[in-house]
Amino acid sequence: LNFSNRPVRTRMPGGVGGERSGKLAAPIPILRSKATMSALLNAPQREAIRYLDGPCLVLAGAGSGKTRVITHKIAHLINECGISPANIAAITFTNKAAKEMQERVAHIMGGRVPGGLTVCTFHALGVRIIRQEAKHCGLKPQFSILDASDTVQIVSDVAGDNDKGIARQMQWQISSWKNAMITPEEAAQLADNEIASVAARLYKEYERTLRAYQAVDFDDLIS
């Protein structure tokens, strides 16, 4: 298969081994060989696992074996393709999903997660990268991570207004700008009304406060 830069779309017709709602109905057999993999997976799943020539998009519904494909592909890359675990990353949305994926990989690989393999959430990966590159971000390696209530409080303090409703509104606008990779200076130029202008000024002070606290918010971890 050679689709150049076009992603491969693989549709999986059904679940394998009774997966439903992220729970395992039965133990996952350890992947010992190509023959074992063929017995465990259907044809579209095997195609997705073995494809290596570019991006591969798997379209499948709940309980159809998406996580199984990912974990078996990790094993395939390590065992059959000789790729170092340090060059493989599996990123998901929740800590629960990341933990389950780690457990599945460990089971398939004989009881342990290969050293150097990255299996985590988007935010956890962001934390790892920022800690490694902290000095380039003007931060100490042991920076603080602020949650939603912390950020609203900082916006409220910067604004000099105890109205939490207004602070949340301003924080939402700041978050939107950060996710769009818009700096405080750019936000000030884009502001087309008084509320946006106020939010842009607060944005600049908010960022200055975060750096003074040696802190980042959740938006910084992924943007």
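Where is the place of phenylalanine 93? Phenylalanine 93 sits in the loop between strand E3 (89-92) and helix H4 (95-108), helices (H or I, at least four residues) and strands (E, at least two) being DSSP runs numbered from the N terminus. The structure is a predicted model, in which local features need pLDDT of at least 70 and side-chain atom pairs count only at pLDDT 80 or more, while totals for chains, interfaces and linings use all residues. Residues are numbered from 1 along each chain as its sequence is written, and side-chain values use heavy atoms, with hydrogens and water left out.

Phenylalanine 93 counts as exposed because its relative accessibility is 69%; buried means under 20% relative accessible area, exposed over 50%, and partly exposed in between (1.4 Å probe, protein chains only). Together with Phe122 and Ile222, Phe93 makes a nonpolar surface patch of about 350 Å². Patches consist of residues with over 30% relative accessible area and no salt bridge, like charges being joined within 9 Å and nonpolar side chains (Val, Leu, Ile, Met, Phe, Trp, Tyr) within 5 Å. Accessible areas were computed by the Shrake-Rupley method with a 1.4 Å probe, and for residues only the protein chains shown count as cover.

Helix H3 (residues 66-79) has 14 residues and reaches 20 Å from its first C-alpha to its last, close to the 20 Å expected at 1.5 Å a residue; the expected span is 1.5 Å times one less than the number of residues. Of the 14 residues of H3, 10 are buried, so the helix is largely enclosed by the rest of the structure. Among the buried residues of H3 are Arg68, His72, Lys73 and His76, as well as Val69, Ile74 and Leu77.

Seven salt bridges were found in a search of the whole structure, a salt bridge being a side-chain nitrogen of Lys or Arg within 4 Å of a carboxyl oxygen of Asp or Glu. One joins glutamate 103 to lysine 99, with the closest N and O atoms 2.5 Å apart. Both residues lie in helix H4, four residues apart, about one turn of the helix. Glutamate 103 counts as partly exposed because its relative accessibility is 44%.

Lysine 178 forms a salt bridge with glutamate 207 (2.8 Å, N to O). This pair links distant parts of the chain, with lysine 178 in helix H7 (residues 164-179) and glutamate 207 in helix H9 (residues 194-212), 29 residues apart. Both lysine 178 and glutamate 207 are buried. A salt bridge also connects aspartate 220 with lysine 178, the closest N and O atoms being 2.9 Å apart. Here too distant parts of the chain are linked, aspartate 220 lying in helix H10 (residues 218-222) and lysine 178 in helix H7, 42 residues apart. Aspartate 220 is buried, as is lysine 178. Lys178, Glu207, Asp217 and Asp220 are linked in a network of salt bridges.
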